[in-house]
Amino acid sequence: MSASTVSASPVSTARAPRSRRRLVGWFILPATAFLLVFFAYPLGNIIWRSFTEPSTGLENYTELLKDGVSVKILVRTLVTGLIVAACTLALAYPYAYAMTRVSPRARNLMTVVVLLPFWTSMMARNFAWYMLEQRDGLIDDAFSLIGIDGVVLLGSVAGVTVAMVQVMLPFMVLPLYSGMEGIDKRLLNAAGSLGAPRWRAFVQVYLPLSLPAVLSGFTLVFILTLGFYVTPALLGSPQQSLIPQLIATRVSDLLDFGGAGALGSVLLVVTLLALFVVSRFVNLSSTTEKAVTHE
Amino acid sequence: MSKEATATEPDAVPAEPAVEPAALRAGKDGGLGWGLKTVVALTSLVLIAPTAVVIPMSFSGGTTFAFPPKDWSLRWYESFFTSEAWMRALLTSVQLALLVAVTATVLGGAAAFGLNRAGFPGRGAIRSLVMAPLIVPSIVVAVSIYGVFLRWHLTGTPIGFVIGHTVMALPFVVTVMLTSLSGYDRTLDTAAATLGATPLTTFLRITVPLIAPGVMSGFAFAFVYSLDEVVIALFLQSPDITTLPVKMYNSITLEIDPTIAAASSLMVVATSFVLLIPQFVRRKRSTR
């Protein structure tokens, strides 16, 4: 892109921008150095400590396999991540689809609504779910009305899941919407005029075209969910804890950085694996950017 | 719908109008079917519910977290604004957030500028490094930073908080600014140069006004991120430095203190307000 700009400009000015371009390159240095020292080094350090503390070797990792709790919690964390991603997708897909079908005005309103979790303070949000999910909270009351008593989500994985789905919805809806917007609706009509019933046109034409957006949204939500600490700590229970809680306890109660590092490394490997698999199909970083910039 | 299609693809117009509207409406009551409407309503409810309960809750007259409140009062706002601990937490958070916003905007703004303008090898790697704090599980980032900060004696210090929050705010700032820069028409620079402007004049009179909205959005993002951040703050906290979100966290886990309801409402209003400012400025500029 920069090459075409240069060639397009007159020959006399072509030289100056090039030297300036090199100068501008130095602008990235402060942020790069900052992140290397305060992000990459700490991350590398804790991974290093997982192999060296208290003694050099794989002790922390074999311990993780043997202690009988960690593996169980790890599985629970991964399953919760998958459930959250699936529930988010189930709600987000129709929502994003509706966004492509309504008037621009309604679409603006739907965008504002889907961005609410971004705009609501994290602690305020978790506090709100705490109130909604407690015994005799609104959710419990609502279910009592239809004759189901004792739906207390607080202190359960279900309660954590609901709160996570809410905050993850924008990360799923926005990429889905921008993916679906690019689908030519006339293809559905074409399928229809060739005799396909609506459902079949949807399954065979629309769904495959929206699949890249689905895949990247799903992965993004799954990955982000793995690192949640506050939501499970406030809305979950110690009996049904997730990996982040385990890591936090190891560090703050026991100062066991080796053990915490081992758990963290496992989480990191899962994240990278998910990224790797999906990056073969879709461009995840553009999805992330879309979600962040609310496009 | 059909209007939009015609707007984007004028060439296709002649073939379309007769077929499309009818086909789209088939089986649908003018737009979305009732099934779709139900799911959209349910999703909206999930999205809105937390915000909708936080504000009424703050006007509760009771001393528990019971919702809806039985009677109304301003006692929790009174308790918030007269409590030394809450006010100190608020002040700490605002001060730290300002420092983080400045640091992240300077570092992130320069990085975005460099990434946008310069062509150099390793550019992709640097972009990945900048985005990485968003992808690495947040608890792992928090614990890693805590691990080295303990050794560097940065826990419980303002500078420790500012560094920790800046690491996490940078991906947002860089992304927002890159988006803003990608819409920047660089022929304007050439035009200014052709008209005899020095690079400095071009930067100050052309570049700065054009990227100002992006910079403001980045600043607002970083400010709100830091104001709201809990996980890193929980690890770095000390009796001297407790941020507002940490105080809120403790008021649910350690003591059942309904003052958090007032704090939550104020936080919701404050974050929305800060994030809205750049939007309003942008709209005002575009209508001018």
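How many salt bridges are there between chain A and chain B? The count is 1, a salt bridge being a side-chain nitrogen of Lys or Arg within 4 Å of a carboxyl oxygen of Asp or Glu. The views below come from a predicted model, in which local features need pLDDT of at least 70 and side-chain atom pairs count only at pLDDT 80 or more, while totals for chains, interfaces and linings use all residues. Residues are numbered from 1 along each chain as its sequence is written, chains are lettered from A and ligands numbered from 1 in the order in which they are written, and side-chain values use heavy atoms, with hydrogens and water left out.

**View 1. The interface between chain A and chain B.** Here 87 residues of chain A are in contact (heavy atoms within 4.5 Å) with 97 residues of chain B. The two chains bury about 8100 Å² between them, 78% of it on carbon and sulfur atoms, where buried area is the accessible area (1.4 Å probe) that two parts lose on being put together, summed over both. Of the area that chain A buries against chain B, Phe39(A), Trp119(A) and Phe127(A) supply 9%, more than any other three residues.

**View 2. The salt bridge between Arg151(B) and Glu53(A).** The closest N and O atoms of Arg151(B) and Glu53(A) are 3.5 Å apart. On the side of chain A that touches chain B, the largest share, 15 residues, comes from helix α3 (residues 29-52) of chain A, helices being DSSP runs of H or I with at least four residues, numbered from the N terminus. The residues of that side divide into 59 nonpolar, 16 polar and 12 charged, with Ala, Val, Leu, Ile, Met, Phe, Trp, Tyr, Cys and Pro counted as nonpolar, Asp, Glu, Lys and Arg as charged, and the others, Gly among them, as polar.

**View 3. The surroundings of Tyr229(A).** Tyr229(A) is found in the loop between α11 (198-226) and α12 (230-235) of chain A. Tyr229(A) counts as buried because its relative accessibility is 14%, buried meaning under 20% relative accessible area (1.4 Å probe, protein chains only). Leaving aside residues up to four places away in sequence, Tyr229(A) touches Pro244(A), Gln245(A) and Ala248(A), together with Ile139(B), Val231(B), Leu234(B) and Tyr249(B). The C-alpha atoms of Tyr229(A) and Pro244(A), which lie 15 residues apart along the chain, are separated by 5.3 Å.

**View 4. The helices of chain B.** Of the 288 residues in chain B, 52% are buried.

Definitions and conventions. Helices (H or I, at least four residues) and strands (E, at least two) are DSSP runs, numbered from the N terminus. Buried means under 20% relative accessible area, exposed over 50%, partly exposed in between (1.4 Å probe, protein chains only).
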